[in-house]
Amino acid sequence: MPPAAVKLTEEKTPLHAVIIAEPFTTMRNPVLFPLSPITPSADLPYALLPICNTPIIDYILENLVENAVNQVTILVDGLSEAMVLSYLQEHRTARGKPWLFSDAISVRLCTSGRPITQLSDAAQEIVEQNLVSAHHSFLFVPIDCVAFIPDLRGAFATHLARVAADPSYTATLLCTSDCDALHETLHNVLVGELLQREEGSAAQRGGLERMETTLPDDGFSAVEYAKYRNYAVPAVPRSSHTMLHIDLASQTVVSMTQLRAEAGPAASTQVNFHQKKRQSVRMDLQPTGFLFCTAEAVPLIEFHIVDVYNFLSAGLLGTVEISGKHFGVLELPHTAVVEPISGLEAYLAANLNVCARRLFPFTRESCFADPQASYAVSYGCDTVYQHTTAKVADQLSGPHVVVGPAVHLTAVDLVGTVCGADVTIGEGSTLTSCVLLDRAVVGRGCVLRGCVVGQGAVIGDNVVVVNSIIGHGCVVRAGGGGPRLVVHHQAIMDCDAGDRNVALVGAEGHGREIAVPWANPCLPTTTLFTEDPQPAAEENHIEEDPMEAFRHRIWVYMEKGLLNPSNISACKYDMSTACLNYSCNHADLCEVVTELLVEHALKRHGDDVPAALEAIRVLFGTWCRPFYNQYVTERDGKDRLEPMLGALEGVCAAIYRKDCPLHHSSPRLIELLYNDCDDDMYNERGFCIVSGDALVEFDRDITDRCETLERLTNFKGRAAAPSSSSSSSSSNSSSSSSSSSSSSTDTEDADMALKRDEQEEGKILVAQEAHAFIMNVKSFWSCEAFVRSSRTSQ
């Protein structure tokens with residue numbers, strides 16, 4: 001699109017943003033959130049979580065106003081509605097009016113009829129309440145992120161240009177570059193390795209005390225290493241590292257992999273490059289959660305989709321072969337600042353960055369705009385803000401301190417600390433990198449570091465709290481004469497008196513720990529440089545059959561659908577992703593699923609053939625619409641023969657062994673696939689899973705394969721099968737005895753080939769038993785076609 005057209009689109013196209021005002025949880029832990037039990041809670045909705053005493057929703061809306069966003073829809077659930085509505089109606093913004101009455105932007109609040117714990121819940125509400133206009137794009141905005149993103153309008157125009165150029169283009173994910181942090185982390189890793197080498201050299205020379213006087217082998221001394229000192233880089237990133245494989249020509253994402261601690265060690269990811277395609281693999285791009293999305297893509301967010309990453313990786317990339325939809329990324333300029341609230345450390349860091357004006361101009365300017373300013377900036381440090389009603393005995397040296405309304409401080413040491421309204425801190429206490437919400441009380445002589453203290457919470461005298469969250473209304477107090485109370489890496493919630501943990505909160509305390517606290521899923525950045533997957537030793541390397549690996553992966557997904565049929569649709573998308581990962585097609589998928597369904601019924605019913613056949617009929621009927629129908633029918637209603645042939649192959653593969661109870665039941669099983677597992681589906685289109693055309697094509701293919709085997713081997717079809725197997729076994733036995741000195745690898749390859757030959761022969765034999773049934777179907781359809789043509793001619 002030419003620059004003039006881009007500018008015109010940028011100016012005239014309305015930009016609508018949808019803020020999902022509830023954070024998303026994870027499937028691993030569906031109860032807790034990064035700041036539980038502080039928020040979300042009945043006392044503090046997530047949208048009102050304060051960053052430097054200003055709710056997070058203010059920062060988000062200010063950013064959207066600065067980017068000329070026309071309309072904002074805020075979606076909340078029923079528990080948050082009253083408090084969020086009251087705030088948006090009553091609290092004046094930096095622009096002079098409350099948000100719901102603002103002249104700068106149109107803001108409306110919508111209430112969800114269901115709890116919002118994942119993206120699919122929000123998507124259903126967007127569709128049901130018709131929150132976005134059809135055939136338009138809008139902006140998904142996460143609530144758990146404080147951001148200063150310049151020129152959102154320009155990014156929106158780029159997204160619209162991509163959509164106009166490619167109708168299948170669905171979404172654009174906004175990303176920031178983490179390149180500087182990666183470089184600094186690599187620097188630290190290398191410096192650490194050099195220091196270890198020097199310490200080892202010094203120890204070999206007689207002790208560490210000689211390090212500064214003895215040169216190691218590389219010619220550097222410990223004093224010289226000082227100029228290579230470590231950079232201050234957070235050990236754990238704010239968001240999980242994501243590897244993006246991008247097609248540079250179309251700017252679309254080919255693959256997307258997120259490194260998360262809960263997923264275990266990262267396996268090697270294969271990326272195929274082509275000489276004629278310009279591609280790039282980026283590890284430095286951090287997804288922000290901001291997503292331009294077409295309205296048509298919202299219905300693609302199925303019930304199992306947790307968040308934006310899950311939607312893009314499983315919902316779009318996992319179904320690109322089915323839906324044809326894809327997405328791209330857009331790197332934001334280096335001036336963009338994004339602070340995701342992904343945990344306790346990230347929340348504290350966001351407060352510090354606001355104090356440092358890193359998110360300027362979103363530090364609450366309305367506090368300084370009144371005729372008489374509410375806050376004053378300390379003349380000793382320009383990052384210390386003190387409310388005019390606060391009572392502070394001594395000047396605060398800071399840095400990065402906010403003292404809210406009616407706060408009482410006496411001889412305290414505060415660094416990187418934010419105090420809400422009516423907070424009291426006792427004499428001699430030291431607080432570093434902490435946030436105290438409204439009405440919190442800290443006693444005398446306390447030490448707090450890296451903590452969040454909830455509304456109305458009380459911490460008694462001489463208590464040490466480190467890297468912990470103290471919930472609303474909790475009391476942590478040891479009582480008179482007891483040892484000093486230390487709370488370390490805990491999340492404490494309010495509770496009934498009988499449930500309190502005295503060992504944790506003290507004899508006079510009130511509260512208990514969260515049984516399964518939230519765990520940060522982000523892997524340390526150093527993992528990218530120090531724990532790369534290592535190839536297996538050559539002698540221990542066993543090449544896995546790719547089809548067996550694919551089969552195992554499909555069974556893992558199928559188990560969910562077998563336990564609960566409502567999960568089949570979700571399993572279907574996971575299976576499609578597995579097809580892409582293992583370079584398989586839909587025919588392979590239908591073959592494996594059909595084979596596994598038959599085997600599952602056989603395991604449950606054993607030699608009871610009627611019960612097994614009935615169980616298979618029920619399974620085929622259960623999986624017919626949510627699974628098979630997606631693959632055997634095109635979007636325009638045309639039949640797809642390849643997946644149908646795969647399903648027929650799967651039936652034969654499941655029963656090809658002679659000891660299988662259903663070895664002679666192929667006609668009945670094929671009949672189930674054709675017309676006896678879903679009566680409604682058969683009445684709609686004339687077949688259930690496989691059509692008459694597919695049956696005829698399958699029979700023709702079996703005939704060709706049988707002729708090939710008869711020409712190349714001594715295989716003679718159904719009648720001669722026993723002697724063929726016997727002679728084959730005899731031949732293989734004599735061959736094995738004559739080649740006893742061959743390697744074990746060659747023997748394993750021969751066994752695998754023999755197994756596959758036997759399977760092919762067995763599949764042909766059981767398929768031949770269904771020949772008569774298939775011919776009857778062919779005759780039936782020929783008569784039907786003749787009748788239809790006669791009626792047409794009349």
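I take axes as lines fitted to C-alpha atoms, for helices over the stretch in contact, with angles running from 0 to 180 degrees between N-to-C directions. Helices (H or I, at least four residues) and strands (E, at least two) are DSSP runs, numbered from the N terminus.

The model is predicted, and I kept to its limits: local features need pLDDT of at least 70, side-chain atom pairs count only at pLDDT 80 or more, and totals for chains, interfaces and linings use all residues. Residues are numbered from 1 along each chain as its sequence is written, and side-chain values use heavy atoms, with hydrogens and water left out.

Entry 1, α16 and α17.
I looked up how helix α16 (residues 609–632) packs on helix α17 (residues 641–655): the angle is about 140° and the axes are 10 Å apart. That makes α16 oblique to α17; angles under 35 degrees count as roughly parallel, over 145 as roughly antiparallel, 65 to 115 as roughly perpendicular and the rest as oblique. For the contact (heavy atoms within 4.5 Å), I noted Phe-620, Tyr-628, Tyr-631 and Val-632 on α16, and Pro-643, Met-644, Ala-647 and Val-651 on α17. I sorted these residues and got eight nonpolar, no polar and no charged. In this sorting, Ala, Val, Leu, Ile, Met, Phe, Trp, Tyr, Cys and Pro count as nonpolar, Asp, Glu, Lys and Arg as charged, and the others, Gly among them, as polar.

I then took helix α14 (residues 568–581), which packs with α16 at an angle of about 35°, the axes being 10 Å apart. α14 passes α16 in a right-handed crossing; a crossing is left-handed if the near helix is turned anticlockwise from the far one by less than a right angle, and right-handed if clockwise. From α14 I listed Ile-568, Ser-569, Lys-572, Met-575 and Ser-576, and from α16 Thr-622, Trp-623, Pro-626, Phe-627, Gln-630 and Tyr-631. The residues of this contact divide into six nonpolar, four polar and one charged.

I found a cis peptide bond between Ser-36 and Pro-37, with omega about 5°. Pro-37 sits in the loop between β1 (16–20) and β2 (50–51). Another cis bond joins Thr-39 and Pro-40, with omega about -5°, and Pro-40 lies in the loop between β1 and β2.

Ala-411 has phi near 50°, positive in a residue other than glycine, and is placed in the loop between β19 (408–409) and β20 (413–419). I put Ala-411 down as partly exposed, at 34% relative accessibility (buried means under 20% relative accessible area, exposed over 50%, partly exposed in between; 1.4 Å probe, protein chains only). Asp-422 has phi near 60°, in the loop between β20 and β21 (424–425). At 43% relative accessibility, Asp-422 counts as partly exposed.
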